[in-house]
Amino acid sequence: MATELPINGSNGHSNGSISAASLPPVNGHGPAANGTTATGNSGNTFAVKAGLARMLKGGVIMDVINAEQARIAEEAGAVAVMALERVPADIRAQGGVARMSDPALIREICEAVTIPVMAKARIGHFVECQIIQALGVDYIDESEVLTPADHAHHVDKHAFNTPFVCGCRNLGEALRRISEGAAMIRTKGEAGTGDVVEAVRHVRTVQADIARAKGMSEQELYCYAKELQCDVNLLRETAKLGRLPVVNFAAGGVATPADAALMMQLGCDGVFVGSGIFKSGDPKARAKAIVQATTHYNDPVVLAKVSSGLGVAMVGINCDHMGEKEKLSTRGW
Amino acid sequence: MAQINVGVLALQGAFSEHIMLLRHAFAMLQAERDDSSWIATEVRTPEQLNACDALIIPGGESTAIALVASRCEMLEPLRSFVKIERRPTWGTCAGLILLAEAANRTKKGGQDLIGGIDVRVNRNYYGRQVESFEADIDLPFLKTGQPGSETRPFRGVFIRAPVVEKILPQVSGIQTAEQEHPETIVAPSKAPRDSFSASKLSAPVEVMATLPGRTNVNDLPQRVKEESDGDIIAVRQANVFGTSFHPELTVDPRIHIWWLREVKDAVAENRSHRI
């Protein structure tokens, strides 16, 4: 188990107010493995699902709506692309019901690039997930950015061979998603705003929740699990590790290289960038710059260099001027 | 007590997992009264690379790692580290792709390679994520008879994994014959600088492990498997070692320990040639 290993301390976070501890091993041990430990040949174990997320660490996943944007993302150095019908800024502006992308478009994106392809499904819409899995997509995002399809139930993600990423605003929400089978977490932020404040709030909330759990006795953990409405075993594992037991990316409002580096210094494993790239003045240059900033997040000299002359960032919406009902992050339960 | 600095390329991917397993392996070597002082460092700049005696290139996205490396002027220092200075280097998954002299099924327009092993790698041989898997694999090189060596299989985790599909002839320049193949890319020349690096050029490619009995879902017509009836999943040539699976996704340090012993010998040899 993880505790027998030397703590890696993830030396990247040297200046860090907050340091990300090591992820647990995912070779089929531990509660997060969901009992899928096996010998012989086995596909689709939790280790294999969570393993792909680990390969994406330190990278940028970019929202794309067609094959052309997917190629721009791949050439910029994205570690994966996220296929969706409209970028969050347009979903916000245009309103209406936001759904899974047209499968023909997802297929075109899969054919256009060789990096992993993710696609968004509506919360609770397990048939959209089945379709996405049938298309051979590498990761499914059960996402609050689309219009929820179920008022109470999230998808049973263990039932799928394709791994899932899900959003969270706090530790309870993250652990509920992991217990449903999510192999990767992203903090929600507020998609389509270009305002990083909610992304920061959600990462800091998760970390504060974990810090509280770390200091707790066994009795207190049972009580805290009730408060967080999560599985006590996952909470105990998280407290022991000092971090989420799966890879955690930042999302929702990252619009500049500095935003990406901020999320990395706060201890995230990588970043999702949605509207921030293709709603900016020069998507190619900005995409590249965000990739470089995510690698060299701790080097202000590099950050200054890559942040220079990128043209106009997306205009954005100030989250403080937004009503609770307008927030996408409040979707999901 | 000589210090040996093992770098892990930290441009993108599962580098912290390697550092964690390296530290575990260091502790186990020290328990065997190994007299070296080992340190593990993250490498993001040419200066950090230059301070390393050996390097691991981790799993990740090879296209992203190659693009980031090219933009922060790391590609040439990496090629020099591997192919001219001949310092010990190990690549896992994406790392194996980058260390191959030729690769196919890369992104449109190809990608940059570091090179170092005269093989052609098929980049996503096993297909997309739904075809990723775990399997018990037999690693003959771990059965050394040394203390700690065991015969139990290693748990191989294969994530959108590549395999070595062809062992290439040893050439001193670039793999020109490979350039003729459609959609195949090659690494730039590895012309030796001195007699030490020249001596490594004649080293043969060794097949270190194969995975029998898996059928490939994307049966490509150009796929040729040579010298083996299974998929080649681990190779070595001189100072360069590559595995298509991810030891960094397990808690099993046996391959790291084996490789560090190789590193120790190579560092001694390398240093004696540099004086």
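We begin with a nonpolar surface patch of about 240 Å², made by F126(A), V127(A) and I131(A). A patch here consists of residues with over 30% relative accessible area and no salt bridge, where nonpolar side chains (Val, Leu, Ile, Met, Phe, Trp, Tyr) are joined within 5 Å and like charges within 9 Å. A salt bridge is a side-chain nitrogen of Lys or Arg within 4 Å of a carboxyl oxygen of Asp or Glu. Areas come from the Shrake-Rupley method with a 1.4 Å probe, and for residues only the protein chains shown count as cover.

Before going further, please note that this is a predicted model, in which local features need pLDDT of at least 70, side-chain atom pairs count only at pLDDT 80 or more, and totals for chains, interfaces and linings use all residues. Residues are numbered from 1 along each chain as its sequence is written, chains are lettered from A and ligands numbered from 1 in the order in which they are written, and side-chain values use heavy atoms, with hydrogens and water left out.

F126(A) belongs to helix α5, residues 126–134 of chain A. Helices (H or I, at least four residues) and strands (E, at least two) are DSSP runs, numbered from the N terminus. With a relative accessible area of 47%, F126(A) is partly exposed, that is, between buried (under 20%) and exposed (over 50%), using a 1.4 Å probe and protein chains only.

Where does UniProt place the feature "active site"? The unreviewed entry assigns it to K120(A); such annotations may be inferred rather than shown by experiment. K120(A) sits in strand β4, residues 117–122 of chain A, and is buried because its relative accessibility is 6%. Beyond its neighbours within four places in sequence, K120(A) has contacts (heavy atoms within 4.5 Å) that include D63(A), D141(A) and R186(A). A83(A) and L84(A) are also among the contacts of K120(A).

S101(A) likewise touches A83(A) and L84(A), together with E85(A) and I106(A), sequence neighbours within four places aside. S101(A) lies in the loop between α3 (88–94) and α4 of chain A and is buried, at 2%. Its side chain reaches the backbone oxygen of L84(A) at 3.4 Å and the backbone nitrogen of E85(A) at 3.3 Å.

Finally, helix α2 (residues 67–76) of chain A has eight of its 10 residues buried. After α2(A) comes G77(A), with a positive phi near 105 degrees.

Terms used
A polar contact is a pair of N or O atoms within 3.5 Å; within protein, one must be able to donate a hydrogen and the other to accept it, and residues adjacent in sequence count only if both atoms are side-chain atoms.
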